[in-house]
Amino acid sequence: MADPRGFLTYPREDNPKRPVEERRADWHELYADVTDPDVEAETRRQAARCMDCGIPFCHSGSAGCPLGNLIPEWNDFVRRGEWGRASERLHATNNFPEFTGALCPAPCQEACVLSITEQPGSVTIKRVEWSIAEVAWRDGHVAPQPAAESSGRRVAVVGSGPAGLAAAQQLTRAGHDVTVYERDDRLGGLMRYGIPEFKFEKWELDRRLEQMRAEGTRFVVNCEVGGDGLPVERLRAEYDAVVLAVGALQGRDDRTVEGRDLEGIHLAMDYLTPANRECEGDGPSPINARGCNVVVIGGGDTGADCYGTATRQGAIGVHQLDQYPAPPQTRDEARSPWPTWPLVYRTPPALEEGGERLFATAVKRFVGDDRGHVRAVELSTVEVRRTEDGRREVVPTSEEIHTLPADLVLFSIGFTGPDERAMVPGLGIEPTPKGTIGCGSDWQTDVPGVFVCGDAHRGASLIVWAIAEGRSAAAAVDAFLSEDGRTDLPAPVHPNALPLSV
């Protein structure tokens with residue numbers, strides 16, 4: 001039983017961050033060490049704020065956590081200092097809680113009953129989850145879980161992001177012979193080369209990969225499935241089932257803006273990937289913000305990642321542009337009533353470190369120098385509207401033009417779908433109108449024995465949804481491979497599941 005008065009006794013406290021000047025000067029994670037004794041003690045008090053509300057919307061698949069994390073249970077274990085039992089309950093539903101603890105925006109917190117009002121405010125679920133995971137590693141509660149016996153069936157997982165890794169771990173533990181194929185030189189997908197080091201240090205990914213290797217999962221890097229590395233015909237011949245978890249990394253661009261072809265204008269992933277490679281020790285990035293005025297186009301998380309990376313590289317100044325107006329400071333019950341995800345003003349940690357964010361602003365044109373390099377952007381105020389047929393259009397609201405200096409411009413306006421152009425047609429799969437890979441209720445594509453999960457199926461989404469889809473697809477594959485069509489693996493989400501929204 002949780003402490004029924006904990007939320008009245010202890011004020012809400014998020015995990016403390018390192019000082020701005022300190023974290024701007026390095027690439028280490030921006031939060032304080034969650035296993036520090038003082039931080040750990042405060043986390044126990046934060047867990048005590050969970051009030052055993054009776055109907056825990058926090059682990060509702062439609063409003064809170066799609067993994068169905070047993071949040072009230074492990075909150076109570078943490079409150080009592082029983083970190084080992086908390087880890088057991090957390091890992092029962094989440095293969096990689098340190099991934100979600102560091103990177104998930106935590107819809108569970110916004111669905112917490114205590115978030116109905118600004119005060120006292122939701123339980124800091126994200127903080128507690130991350131702490132459980134880190135304490136579990138520190139205290140030896142995380143160990144390999146190899147299968148008791150082999151099924152004799154072989155499964156290929158294409159892609160080593162969170163969806164692919166979750167599917168692979170579940171299937172390996174079910175006794176199947178699993179090989180994960182990754183086209184990059186290191187494992188991890190977007191977590192490795194898309195998420196900056198200051199948000200998630202990659203040794204945390206590497207230790208989980210070692211656990212998976214000890215369980216029996218095999219990994220192959222530098223392998224382009226569908227190309228010379230592993231032709232589609234060989235893939236189908238050698239494996240009883242295939243799971244496509246290739247992500248949705250095809251970046252959205254806008255070639256209609258005058259001056260788009262100037263040098264110094266890049267897509268976000270073309271900038272973040274070499275920056276992450278530099279942190280891995282691969283040498284200097286060819287795109288560096290040092291001494292530059294940087295303009296980031298796009299107001300989402302990837303834009304904030306570009307922002308924080310540019311700051312650490314030594315940019316003179318950074319501006320982030322968002323076509324939408326600034327959200328309200330508090331939840332608008334008409335637009336996003338509890339327990340849906342609220343549209344409210346948020347300041348990512350990267351934006352606390354300097355620079356400026358401009359709302360209701362779009363680029364009218366890029367201005368270059370006589371060598372063809374971008375040197376400025378001309379901006380106009382805009383409004384985003386919907387046409388009668390539902391199309392989105394961006395309309396200027398003023399003829400006034402504002403000019404910003406810009407030596408480096410980064411497009412961070414979303415993703416259009418998977419970019420595995422050789423493999424998907426080779427398998428005979430026709431992408432959906434959205435550019436994703438469709439599937440039936442059993443996560444199986446139109447090609448028998450070929451399954452899909454994660455962003456490749458859903459489109460660019462949250463890491464928690466990727467893991468949930470990976471676990472669910474693994475259950476479907478296990479059932480497909482079993483003689484009686486049954487499985488004991490959990491399937492937390494359906495392929496058509498969507499977050500609750502208005």
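Q: Which side chain does the side chain of H319 make a polar contact with?
A: The side chain of H319 makes that contact with the side chain of E356, at 3.3 Å; a polar contact is a pair of N or O atoms within 3.5 Å, one able to donate a hydrogen and the other to accept it, and residues adjacent in sequence count only if both atoms are side-chain atoms. This is a predicted model, where local features need pLDDT of at least 70 and side-chain atom pairs pLDDT 80 or more, while totals for chains, interfaces and linings use all residues. Residues are numbered from 1 along each chain as its sequence is written, and side-chain values use heavy atoms, leaving out hydrogens and water.

Q: Is H319 buried or exposed?
A: H319 counts as buried because its relative accessibility is 19%, with buried meaning under 20%, exposed over 50% and partly exposed in between (1.4 Å probe, protein chains only).

Q: What else is H319 in contact with, neighbours within four places in sequence aside?
A: Apart from those neighbours, H319 is in contact (heavy atoms within 4.5 Å) with V294, V295, V296, Y307, E356, L358 and L404.

Q: Where is H319 found, and what stands opposite it?
A: H319 is found in strand 8, residues 317-321, and stands opposite E356 in strand 9, so E356 is both its bridge partner and its polar contact. Strands here are DSSP runs of E with at least two residues, and helices runs of H or I with at least four, numbered from the N terminus.

Q: How many bridges join strand 8 to strand 9?
A: Strand 8 and strand 9 run parallel and are joined by 3 bridges, where pairing requires at least two DSSP bridges between the strands.

Q: And what is the order of the sheet?
A: It is an open sheet of 5 strands with parallel pairing, in the order 6-14-7-8-9, and its edge strands are strand 6 and strand 9 (356-358), each pairing on one side only.

Q: What does strand 14 pair with?
A: Strand 14 pairs with strand 6 (residues 265-267) in the parallel sense over 3 bridges, and 4 bridges join strand 14 to strand 7 (residues 293-297), again parallel. Within these pairings H266 stands opposite L410, while the bridge partner of I297 is F411.
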